[in-house]
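Biologist: Could you walk me through this model? I'd like to start with what you mean by a contact.

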Amino acid sequence: MRTVAGPTSQVVVVGAGLAGLACALHLAAAGRQVTVLERESVPGGRAGRLSLQGYEFDTGPTVLTMPSLIEEPLAAVGEKLSDWLTLSPLDPAYRTYYPDGSTLDVRTDTVRMAAEISRVCGPREADGYLRFVEFARSLWLLERNHFIDRNLDTPVDLLNLSLLKLLGMGGFRRLQPKINQFFRDPRTQRIFSFQAMYAGLAPQDALAIYAVIAYLDSVAGVYFPAGGMHAVPRALAGAAEKHGVTIRYDTTVTRVETSAGRAVAVQTADGTRIPADVVVLNPDLPIAYRDLLPPQRSPRRLRYSPSCVVLHVGSRQAYGKIAHHNIHFGSSWRGTFDEVIHRGQLMSDPSLLVTNPSRTDPSVAPDGKQTYYVLAPVPNLQAGPIDWPSFSPRYADSLMSTLEERGYVGFADGIEVSQVITPADWAAQGMAGGTPFAAAHTFRQTGPFRPGNLHPTLENVVFTGSGTQPGVGVPMVLISGKLAAARITS
């Protein structure tokens, strides 16, 4: 494994996102002096916070899986997860709605989930589900131990017995045909393949190795932290400061100063120069290259994941029949992915995620009120050049009309506060392609083919976050923080 050359005592981490904070904790545990510089007034990066007239909204991820991966950086400094976060398992993890009027609750208890699938889709489908669980669990353990939780420098690093096992399991087939080996009902096929969108691909195009996302989402369990998802970076930041990490908020880094093939300091917008033995960059990787580092020749052109529009809504209106997380599938399936990913068009028959955090934690809304987070996949700015500043009000109205048609009667009338986030806003926040989901997980952008977390020519610049290995999603980002620290401490 390639590691940082030279001294590593003083480390500057740019960005207090989940990856930057996880990295800082692992570095502090290894005895490094760590300073984290964060442009916002709170930690979290994409997992930020929006406060509107007594309503509290998570601005980034809303689905939390694998809390053991939060436990790792805390345990590195001797802290217990339970001392920093109160996590509630969500039951159901999701409630799914289909165009034919049927619903299915996704439960992480396999016995209850098999019974639910049998009730809705029949016993043969339930048997397929149990076989899928065994396959996906084995796939996750194999991938995590031998491919995900490792620093990979070249494709040669993949050549081991586990690769043969992965091939034998069908991991390099396409995801949708693999899912169809277990499920015949279109409803269950969707539940266990829609997560390909997180990886930036249609289920027909994604590799079967990404069935692990469905495993984490739908089998391993979904949790909600008291206070919302933003409580996770707050906890990591608090533990880091307790163990000697200096975090400077409201501090914008403008440049990494280099000399003789090394980073020697970072410069901030107020003119401060902070010397460093090592610099870890948590901003979106292409943006870090573009804005903070010396220019490179012919930077690699990446293919980005689809983006999304998010509606943050504070409302008087409550709906008794929904769950914490709700997925509303449109009639179209393959066509939806084709529109968003390949044609750069908006979904003509949208599938939507509706999250209702105040159902689980009333503290995020005024008494008797509700918060809603509505996510609609849309093209990224590379694929679909939509004039979002002018178009977003119309699109928000369209989404609210769709919600009303799908059972959220009076949704628009109940709104007290709202904010619409579009690809233009993601881009303004420093996300390449206007997407919060980073580079798509195509074969050429996966594993050792994904942009590396060690700079190719600056021997002491390390990257962390979703744009580098292992990839997108809260679990992967937390792992990326550990992998970045290992480049420095191993």
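Modeller: Contact means heavy atoms within 4.5 Å. This is a predicted model, in which local features need pLDDT of at least 70 and side-chain atom pairs count only at pLDDT 80 or more, while totals for chains, interfaces and linings use all residues. Residues are numbered from 1 along each chain as its sequence is written, and side-chain values use heavy atoms, with hydrogens and water left out.

Biologist: OK, then what does Ser 392 touch?

Modeller: Leaving aside residues up to four places away in sequence, Ser 392 touches Val 420 and Thr 422. Ser 392 sits in helix α12 (residues 388–405), where helices (H or I, at least four residues) and strands (E, at least two) are DSSP runs, numbered from the N terminus.

Biologist: And is Ser 392 buried or exposed?

Modeller: Ser 392 counts as buried because its relative accessibility is 13%, and buried means under 20% relative accessible area, exposed over 50% and partly exposed in between (1.4 Å probe, protein chains only).

Biologist: Switching to the sheet, what is the strand order?

Modeller: The order is β10-β2-β1-β14-β20 in an open sheet of five strands with parallel pairing, and two strands pair if DSSP finds at least two bridges between them.

Biologist: Which strands stand at the edges?

Modeller: Those are β10 (246–248) and β20 (461–463), each of which has a single partner strand, so one side of each is left without a neighbour in the sheet. On average, neighbouring strands of this sheet are turned by 20 degrees against each other, direction ignored; axes are lines fitted to C-alpha atoms, for helices over the stretch in contact, and angles run from 0 to 180 degrees between N-to-C directions.

Biologist: How many bridges join β1 and β14?

Modeller: Strand β1 (residues 10–14) pairs with strand β14 (residues 278–281) in the parallel sense over four bridges, and Val 13 stands opposite Val 280 in β14.

Biologist: What does helix α1 touch there?

Modeller: Helix α1 (residues 18–29) packs on the sheet and touches β1, β2 (33–37), β10 and β14, with its direction at about 165 degrees to that of β2. Helix α10 (residues 285–292) lies across β1, β14 and β20, and runs at about 150 degrees to β20.
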